[in-house]
Amino acid sequence: MRPRLLLVDDEPVLAEFLGSAAEECGFDPILTSNDRQFRERFLAERPDMVALDLGMPGMDGVELLRFLADQGYKAPVLIVSGFDRRVLESAFRLGEALGLRMAGPLAKPTRLEEVETVLTALKGTLTP
């Protein structure tokens, strides 16, 4: 069985790009485009890994980091976002402080090779 990667990104083209990269790396991608969908799918599927954008209309990626921490989530959380590098690093450190297993961050726009390298490495750390 392929590990499930839950992805939230409000940009359909980028979500498809990341979903395709995840599929190439052996994941079963679950694409969501907003906070509500993400939370519902997370609770229903309990994914093996999460990838999230920090900036989306009507929500703050930091809220999702807190949600994941509240759920006791221990699998990798990959940040893929277009925010300034300092913001990405701050969110990464916050996730770590909340007890999450943070990965990345990857700055948008990102290259396919970079995404595949990170996803392949993270897939190797997942417990079957």
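Residues count as buried when their relative accessible area is under 20%. Please keep in mind that the model shown in these close-ups is predicted.

View A. Beyond its neighbours within four places in sequence, Ser 81 is in contact with Asp 53, Leu 54, Gly 55, Leu 88, Leu 106, Ala 107 and Lys 108.

**View B. Asp 9 and its polar contact with Lys 108**. Asp 9 sits in the loop between strand E1 and helix H1 (12-24). Asp 9 is buried because its relative accessibility is 2%. The side chains of Asp 9 and Lys 108 are joined by a polar contact of 2.7 Å. Leaving out residues up to four places away in sequence, the residues that Asp 9 touches include Leu 14, Leu 18, Thr 32, Asp 53 and Met 56. Do look back at View A here: Asp 53 and Lys 108 are also among the contacts of Ser 81.

**View C. The largest nonpolar core**. This core has 23 residues, and those with the most contacts inside it are Phe 38, Val 50, Leu 52, Leu 68 and Tyr 73. Two or more residues each come from strand E1 (4-8), helix H2 (35-45), strand E3 (49-52), helix H3 (61-70), strand E6 and helix H4 (85-97). H3 gives the largest share, four residues. A second, separate core has 19 residues, among them Phe 27, Met 49, Ala 51 and Leu 119.

**View D. Val 50 and its contacts**. Not counting residues up to four places away in sequence, Val 50 touches Leu 5, Leu 6, Phe 38, Phe 42, Leu 68, Tyr 73, Pro 76, Val 77 and Leu 78.

**View E. An aromatic cluster of Phe 38, Phe 42, Phe 67 and Tyr 73**. Three aromatic pairs are found in the whole structure. The ring centres of Phe 42 and Phe 67 are 5.4 Å apart with planes at 75°, so this pair is edge-to-face. Phe 42 lies in helix H2 and Phe 67 in helix H3, 25 residues apart. Phe 42 is buried at 0% relative accessible area, and Phe 67 counts as buried at 9%. Phe 42 also pairs edge-to-face with Tyr 73, with ring centres 5.1 Å apart and planes at 75°. Tyr 73 is in the loop between H3 and E6, 31 residues from Phe 42, and is likewise buried.

How values were computed. Residues numbered from 1 in each chain as written. Predicted model: local features only at pLDDT ≥ 70, side-chain atom pairs only at ≥ 80, totals over all residues. Heavy atoms only, no water. Contact = heavy atoms within 4.5 Å. Core = buried A, V, L, I, M, F, W, Y, C linked by side-chain atoms within 4.5 Å. Buried < 20%, exposed > 50% of the residue type's maximum accessible area, 1.4 Å probe, protein only. Polar contact = N/O pair within 3.5 Å; in protein donor to acceptor, adjacent residues only side chain to side chain. Phe/Tyr/Trp six-rings, centres within 6.5 Å; stacked < 30°, edge-to-face > 60°.
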